[in-house]
Amino acid sequence: MRKNSYYPRDSVRDYFPLPNEIFSLGLSSHEISVYAFLMYCEDRKTYQCHPAFSTIGEALRLTKNTVMKCVRTLEEKCLITTEPTRVKAKSGRVCNGSLLYTIRPIREAVEYHEAIAWREFERQCAAERARQALADYDRKHPKKTDICEIGGEKRPTDLEAG
């Protein structure tokens with residue numbers, strides 16, 4: 001029996017591309033799964049798709065609420081955009097449809113992630129500079145304390161406070 005003789009695979013038809021950078025953006029496994037499913041569903045010319053939350057949830061074995069949270073996070077991280085759609089029922093009534101997802105260029109998400117990381121780094125540097133400045137001040141201006149006896153116990157008191 002030859003390998004793959006029963007089910008030959010077409011590398012174009014049977015696969016879809018998932019950008020390598022997706023694993024460097026700090027996504028949860030559920031967020032990666034939802035993103036991958038949207039990439040699987042997308043029209044390769046328009047970069048859009050419109051699966052319902054329930055469809056995504058059934059395919060990935062996630063609850064509708066988990067899918068909704070993941071979609072929100074993917075939007076916040078600049079990986080996708082969503083737009084509400086409207087559908088006309090057989091009765092003629094206009095109803096809300098599923099969201100229209102647009103897969104954004106991965107470069108935008110990477111740049112956004114790098115900007116967030118840079119801001120966090122700057123915040124940590126500023127906090128470290130503040131800690132160092134306080135330590136320098138405390139070293140240059142030591143507190144003057146005296147030991148006094150209160151109720152039979154010896155306790156330090158701050159002479160500058162009095």
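Predicted model: local features only at pLDDT ≥ 70, side-chain atom pairs only at ≥ 80, totals over all residues.

Student: What makes a residue count as buried?
Tutor: Its relative accessible area must be under 20%. Across the protein, buried residues make up 22% of the 162 residues.

Student: Which residues of β5 are buried on each side?
Tutor: Leu100 and Thr102 are buried on one side, and Tyr101 and Ile103 on the other. Both faces of β5 are therefore covered.

Student: How do you know that β2 and β5 are paired?
Tutor: Pairing needs at least two bridges between the strands. β2 and β5 (residues 100-103) are joined by 4 bridges, so they count as a pair. They run antiparallel. Within this pair, isoleucine 80 stands opposite isoleucine 103, and threonine 81 is opposite threonine 102.

Student: What is the order of the strands in the open sheet, and which are the edge strands?
Tutor: The sheet has 3 strands in the order β1-β5-β2, with antiparallel pairing. β1 and β2 are the edge strands, as each pairs on one side only.

Student: Which helix packs on that sheet and touches β1, β2 and β5?
Tutor: That is α1, whose direction makes about 95 degrees with that of β5. Helix α3 lies across β2 and β5, and runs at about 120 degrees to β2.

Student: Why are α1 and α3 called roughly perpendicular?
Tutor: Two packed helices are described by the angle between their axes and the distance between the axes. For α1 (residues 29-41) and α3 (residues 64-76), the angle is about 80 degrees and the axes are 9 Å apart. The range for roughly perpendicular is 65 to 115 degrees, so α1 and α3 belong there.

Student: Which residues make that contact?
Tutor: On α1 they are His30, Glu31, Val34 and Tyr35; on α3 they are Thr66, Cys70, Val71, Thr73 and Leu74. The residues of this contact divide into 5 nonpolar, 3 polar and 1 charged.

Student: At what angle do α1 and α2 pack, and what is that called?
Tutor: α1 and α2 (residues 53-60) pack at about 110 degrees, with axes 11 Å apart. Since 65 to 115 degrees counts as roughly perpendicular, that term applies to α1 and α2. Their crossing is right-handed.
Tutor: Ser33, Val34, Phe37 and Leu38 of α1 meet Thr55, Ile56, Ala59 and Leu60 of α2. Sorted by kind, the residues of this contact are 6 nonpolar, 2 polar and no charged.

Student: How many helices and strands are there in the protein?
Tutor: There are 4 helices and 7 strands. From the N terminus on, the elements run α-β-α-α-β-β-β-β-α-β-β.

How values were computed. Residues numbered from 1 in each chain as written. Heavy atoms only, no water. Helix = DSSP H or I, 4+ residues; strand = E, 2+ residues; numbered from the N terminus. Buried < 20%, exposed > 50% of the residue type's maximum accessible area, 1.4 Å probe, protein only. Axes fitted to C-alpha atoms, helices over the stretch in contact; angles between N-to-C directions. Parallel < 35°, antiparallel > 145°, perpendicular 65-115°, else oblique. Contact = heavy atoms within 4.5 Å. Nonpolar A, V, L, I, M, F, W, Y, C, P; charged D, E, K, R; others polar. Left-handed = near helix turned anticlockwise from the far one by under 90°.
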